[in-house]
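Biologist: Could you take me through this model?

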Amino acid sequence: MKKLTFTSVFSQLLLLLFVIAWIVPTFGLFISSLRDKDVLAISGWWTSFTTTEVNEIYRTKGKEDQIKEGDYYFIKSNLFDENQGKEIYRFGITSKNIDEYEVGETALFKDETEITVFENGDYVWKSREEFKKKKGKRIFVSAKSPPSFTFDNYKEVLLKEGLGQAFLNTFAVALPATLIPLIICSYFAYALTWMKFYGRDLLLATIIASLVVPLQMCLIPVLTIYNDFGALFGVSAKSYPGIWMAHTGFGLASTTFLLWNFLKTLPSEMIEAARVDGATHYDTFIKIVVPLSIPSFASIFILQFLWVWNDLLVGLVFLDKHPSEIILTAKLKELLGSRGENWEILTTGAFVSMTVPLFIFFSLQRYFIRGLVAGSVKG
Amino acid sequence: MSIFSLAITVLVGVLFFVLFFHLSNFLLDYFRVKASKNFAFENSVRVIIFIAPAFIVLFVFIIYPVFETIRLSFYDKVGENFVGLFNYTWAINDPDFRRSIINNLGWLIVVPTLSTFFGLVIANLADRIWWGSIAKSIIFMPMAISFVGAGVIWKFMYDYRGPGDQQIGLLNAIAVALGFEPQAWLTIPIWNNLFLMAIMIWIQTGLALVIFSAALRSIPIETLDAARIDGASELKIFWSIIIPYLEQTILVIWTIITILVLKVFDIIYAMTNGQWQTEVLANLMYDWMFRGGGDSGRGSVLAFCILIGVIPILAWNLYRHKQEQKV
């Protein structure tokens with residue numbers, strides 16, 4: 001155990017400050033996605049851990065629920081639709097004075113009917129004459145609301161808002177858009193490392209230059225090619241194979257570069273020995289290089305998968321906004337526009353879109369970091 | 001589409017490429033056995049099999065589009081009539097374009113600097129504290145999140161309610177608690193750019209952090225111990241040993257984040273769509289690609305401007321690659 005010096009305490013506090021600043025935004029989003037949508041709209045997520053005081057309006061039942069007991073007519077029921085664990089401590093019957101009465105007291109309406117509201121929301125509404133109105137009266141309550149969380153928002157966004165379908169679509173985009181570049185780039189990187197051919201250095205330089213070419217430089221011509229291709233063969237210009245190939249193209253340089261970086265660290269004696277023994281390049285590739293490259297494949301797979309999963313621009317340009325093609329990020333952006341004030345939908349939607357990346361992050365962090373570091377320190 | 005048909009589509013797509021390589025190599029081996037052993041011929045065919053798919057994709061999706069975009073920047077909106085420098089003069093006189101250039105410069109100065117700085121500081125702090133790896137994990141986590149997801153997270157942080165209402169955005173709640181008026185942060189020109197940049201910094205600090213952490217381990221312990229024995233303070237060690245040692249790494253991280261920032265699109269598109277003077281090149285370009293049926297000339301000019309921004313880095317990368325190859 002080290003001594004508690006001023007420096008060490010100070011650095012711990014400073015780091016703690018950073019950690020809090022970094023985790024709080026995501027944490028707030030997660031908590032909010034679990035809150036009831038009505039509460040979410042009127043109180044900060046940080047209030048959800050403590051019992052809060054809320055002012056709400058409920059309506060009593062109407063004439064259909066009345067019963068006659070002795071000389072009086074009664075309507076007995078509960079203000080809350082379902083038990084949320086709320087405790088009423090004051091109530092009122094006019095909007096001018098919403099907390100006029102203590103819970104358990106009896107309030108008198110203008111029409112001389114009387115109502116008593118209890119802590120758990122039960123009420124007894126008593127009248128000398130028969131109730132005539134279909135609609136009940138408004139009751140204002142001040143209640144203490146205990147912390148409560150629900151998965152309702154998740155049900156809502158996955159089933160009603162179409163995020164469930166978008167989730168599947170994103171998988172259908174991301175898996176091939178990760179595997180295809182991995183397949184063709186591993187052959188490519190092998191050729192760049194171990195095969196001798198004219199123009200190899202130029203090709204390598206092209207890859208390195210392509211690494212930093214902004215995606216925006218490629219969008220318009222590729223889109224034109226797709227449109228022409230679609231028109232020529234009478235197919236839609238926006239399709240899954242189309243976006244797979246677009247992602248393959250845009251991820252090709254980095255995937256190849258990372259693989260090339262790894263392959264050149266393999267001992268050349270081993271490859272040459274296999275060649276001398278009469279193995280073809282294909283045999284060498286499949287039987288020696290691929291098994292040795294599994295860890296680096298894993299890193300590259302994760303990087304590219306997360307890239308594709310999180311991408312918005314390519315998805316917007318090369319896929320339709322139709323429910324059968326829209327991806328999560330595009331859907332989320334659409335919700336930001338159309339449901340900008342429905343925080344229960346936005347927070348939950350955002351969290352749904354983050355589940356897969358976060359799962360990968362926490363389970364395969366080692367490979368993720370290795371890929372990033374390999375791509376940067378050397379590149 | 002149902003989950004089943006999606007799965008079939010995915011499978012067919014991936015299998016197509018696996019089979020291509022397998023069958024073409026199989027055929028080559030088959031004919032090699034039958035025909036005379038012509039090694040030179042066999043080798044060149046195999047090189048073509050290995051390279052062709054990747055090269056075709058590279059050509060169609062990167063090489064050709066780059067030159068085509070440059071060509072289109074001299075053509076009209078449908079790319080048919082040569083208009084000379086018209087699109088460029090339009091850009092220079094366009095207030096949105098000027099705003100974008102200024103904002104992009106702001107992003108270029110602020111984001112890489114702060115991300116690198118925070119990453120370096122946190123990597124150093126976390127290295128010496130027993131719970132450092134947990135801290136690193138947490139700060140690194142935003143790297144896994146999409147820009148749009150991060151946009152929602154921060155839009156919620158910045159949420160604004162009128163002065164009388166309860167604030168549900170954390171930033172405004174803090175502002176109110178400290179006795180200030182709540183603000184609609186994203187609509188205050190100039191400052192709102194900083195609030196958008198904060199999102200990028202929040203994400204990219206993790207990248208800087210992990211790369212620095214890896215690099216820190218390469219500093220010889222003896223050097224650090226020697227400095228400590230000589231009585232150097234931790235701050236002195238940081239400035240005089242660690243920073244000079246990590247110079248290369250700092251430069252690399254700086255360039256990675258710079259490239260990313262030049263292309264920044266998702267955050268702006270999702271949060272403000274360039275309103276309230278937050279326009280940037282990538283968003284303006286997307287806008288012109290589709291606005292009023294699309295204007296490929298103007299879109300191309302904007303894309304080309306982004307490319308010009310990365311050319312110094314591109315040249316530097318190529319130079320370093322050449323140096324490495326010589327060794």
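**Helix packing in chain B**

Modeller: In chain B, helix α11 (residues 247-262) packs against helix α14 (residues 296-326) at an angle of about 170°, with the axes 10 Å apart. Axes are fitted to C-alpha atoms over the stretch in contact, and angles run from 0 to 180 degrees between N-to-C directions. This is a predicted model, in which local features need pLDDT of at least 70 and side-chain atom pairs 80 or more, while totals for chains, interfaces and linings use all residues. Residues are numbered from 1 along each chain, with chains lettered from A and ligands numbered from 1 as written.

Biologist: How are α11(B) and α14(B) oriented to each other?

Modeller: α11(B) and α14(B) are therefore roughly antiparallel (over 145 degrees).

Biologist: Which residues meet there, α11(B) with α14(B)?

Modeller: Thr255(B), Thr258(B), Ile259(B) and Leu262(B) of α11(B) meet Ile306(B), Gly309(B), Val310(B) and Ile313(B) of α14(B) (C-beta atoms, placed from the backbone, within 7 Å). Five of the residues in this contact are nonpolar, three are polar and none is charged.

Biologist: What about α13(B) and α14(B)?

Modeller: The axes of α13(B) (residues 281-290) and α14(B) come within 8 Å and cross at roughly 160°. α13(B) is therefore roughly antiparallel to α14(B). Residues of α13(B) in the contact include Leu281(B), Met285(B) and Trp288(B), and those of α14(B) include Arg298(B), Leu302(B) and Ile306(B). By class, ten residues are nonpolar, one is polar and one is charged.

Biologist: Changing topic, how many helices and strands has chain A?

Modeller: Chain A has twelve helices and nine strands (DSSP runs of at least four residues, H or I, and at least two, E, numbered from the N terminus). Its C-alpha trace spans about 110 × 75 × 35 Å along the principal axes.

Terms used:
Parallel < 35°, antiparallel > 145°, perpendicular 65-115°, else oblique. Contact = placed C-beta atoms within 7 Å. Nonpolar A, V, L, I, M, F, W, Y, C, P; charged D, E, K, R; others polar.
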